[in-house]
Amino acid sequence: MATAVEVSDLKAWFGRTEALHGINMAVEQAHATAVIGPSGCGKSTFIRCLNRMHETNPDARAEGEVKVGNWDIYDMPAVDVRRKVGMVFQKPNPFPSMSIYDNVAAGLKLNGTRNHKTLDDVVERSLQQSALWDEVKDVLKKKSGASLSGGQQQRLCIARALAVNPEVLLMDEPCSALDPISTAKIEDLIFELKQRLTIVIVTHNMQQASRVAEFTGFFLMGNLVEFDRTEKIFTNPSDKRTEDYITGRFG
Amino acid sequence: MTRIRFHQELDELKHRILAMAGMAEQAVDLAVQAYSQRDLALCERVLTNEPGINRAEREVDEFAIDLLAMQQPMAVDLRFILAVIKINADLERVGDQAVNIAQRVMHMAGMPAFELPVDIPAMASRVRAMVRDALRSFIEGDTELAKRVLEADDEIDRINHEAFAALSACMQAKPDCAVQALDALSIARNLERVADHATNIAEDVIFWVRGADVRHGAGQTIAGS
């Protein structure tokens, strides 16, 4: 197995508050890695450091090394980082006034792609990969992103992220606002996507982590307490704090 | 502490399996006592009590399956419930072995008494100690005690082999004692199986407490680590 993302001694701050205290993690290529932990443990901050979204907060900064392949993401333009490392958020955030087509093509257009054939191909491929194509192919330019259901909007956001062909896809609680059927579709999609893409998913739902991820990291108070294969974490964790959290004896 | 109701239900599951264990243990005690005293009334009690053990087995299984389905347990809680389901099956089989012993004693009671070359009460005493220790290791989560149960099983196997050799020789030497010797042989075999169930219970305790699969001589921790 190869490492897609190598995180070394990563620290993050909000103003003077240190939110991450030196995280080390090797994220396996073409696998899903889940990040779990109680609210405020630093798990969202962690994945937002993996595509430099963290530093978009006022007074926020990060230190340490995050390598995607051979690239140190803190040593290259942030816009290039986000092409390599896409992100999907808790609440679907399509561009509401844009058509479905333009939502998916937005990233490519921003990068200067104007060729209609190329755009058409990428939009179709991305919507196919996000399992939305069959539902929207006849209304691509007629309907806006906001007109879709919540689950469809989330898959649209995934298609938008896939359009720029990222190496890594970060998902910050992507199903927390979705019903069980839409959640199942996203989970199926994660299963498909991780055949060729590295996925890091933050989730509060431990059953979801156990269903979709080969590896799981447990965060607590800004520290990575335990990182191991998912079946080990959920059946026989090494650290008492992990066990207390996943069995509900926490706090 | 969160999930208070779930943890109360885990305690309730433990109480239920212990009640079941008490019934199975008592069945073996009564059957062995019936052998020593050739007491048909005790045999009848073993047979009468058996449906209660079967009923308890179903109730424990239902309770455990409900917890699996409704609470999605993880880690030590998941291992505990899985261990209880397996221990439950072993205890039911212990009850069955007690019934087998009681039926053999009833058969022997109708025939002339022979001095047989096997000390069933001594073997039974060791087997009952194994059952008691296996259950104590479960109650206290004591894996060291559970390991001692595993070690004790070798001794029971040896006693059973010796009983087989001695009773076979006896049947050849004195064919008129063959029926009684066969009954004694069956009882020794039943006791040896009770010891096997005690061993299984001890293995399940180790699985529950340490997450280690020690069945069939393996020393693997689950999840491949």
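Tutor: Start with what counts as a helix: a DSSP run of H or I with at least four residues, numbered from the N terminus. Keep in mind that this is a predicted model.

Student: Which residue follows helix 6 of chain A, and what is its phi?

Tutor: Asn165(A) follows helix 6 of chain A, and its phi is positive, near 60°.

Student: How many residues of helix 6 are buried?

Tutor: A residue is buried if 20 or more other C-beta atoms lie within 10 Å of its own. In helix 6 of chain A, 13 of the 14 residues are buried, so the rest of the structure largely encloses this helix.

Student: What does one look at when two helices pack?

Tutor: Two packed helices are described by the angle between their axes and the distance between those axes. In chain A, take helix 3 (residues 100-110) and helix 4 (residues 116-129): their axes come within 9 Å and cross at roughly 115°. The two helices are therefore roughly perpendicular to each other. The crossing of helix 3 of chain A past helix 4 of chain A is right-handed.

Student: Which residues in helix 3 of chain A meet helix 4 of chain A?

Tutor: On the helix 3 side they are Tyr101(A), Val104(A), Ala105(A) and Leu108(A). Those they meet in helix 4 of chain A include Leu119(A), Val122(A) and Leu127(A).

Student: Now the strands. How do strands of a sheet pair?

Tutor: They pair through backbone hydrogen bonds, either parallel or antiparallel. In chain A, 4 strands form an open sheet with antiparallel pairing, in the order 2-1-4-5. Strand 2 (17-28) and strand 5 (71-72) of chain A are at the edges with a single partner strand each, so one side of each has no neighbour in the sheet. Strand 1 (residues 3-14) of chain A runs antiparallel to strand 2 of chain A, and 9 bridges join them. Within this pair, Val5(A) is opposite Val27(A) of strand 2.

Student: Which strands pair in the parallel sense with strand 3 of chain A?

Tutor: Strand 3 (residues 32-36) of chain A runs parallel to strand 8 (residues 198-202) of chain A, joined by 4 bridges. Strand 3 of chain A also pairs in the parallel sense with strand 9 (residues 215-220) of chain A, over 4 bridges. Val35(A) stands opposite Val202(A) in strand 8, while the bridge partner of Ile36(A) is Phe218(A) in strand 9.

Student: Where do side chains point in a regular strand?

Tutor: They alternate between the two faces of the sheet. In strand 3 of chain A both faces are covered: Ala32(A), Ala34(A) and Ile36(A) are buried on one side, Thr33(A) and Val35(A) on the other. With 5 of its 5 residues buried, strand 3 of chain A is largely enclosed by the rest of the structure, so the label follows from the count.

Student: How many helices and strands does chain B have?

Tutor: Chain B has 6 helices and 2 strands, in the pattern α-α-α-α-α-α-β-β along the sequence. Of its 225 residues, 41% are buried.

Technical notes:
Residues numbered from 1 in each chain as written. Chains lettered and ligands numbered in written order. Predicted model: local features only at pLDDT ≥ 70, side-chain atom pairs only at ≥ 80, totals over all residues. Pairing = 2+ DSSP bridges. Buried ≥ 20, exposed ≤ 12 C-beta atoms within 10 Å, placed from the backbone. Axes fitted to C-alpha atoms, helices over the stretch in contact; angles between N-to-C directions. Parallel < 35°, antiparallel > 145°, perpendicular 65-115°, else oblique. Left-handed = near helix turned anticlockwise from the far one by under 90°. Contact = placed C-beta atoms within 7 Å.
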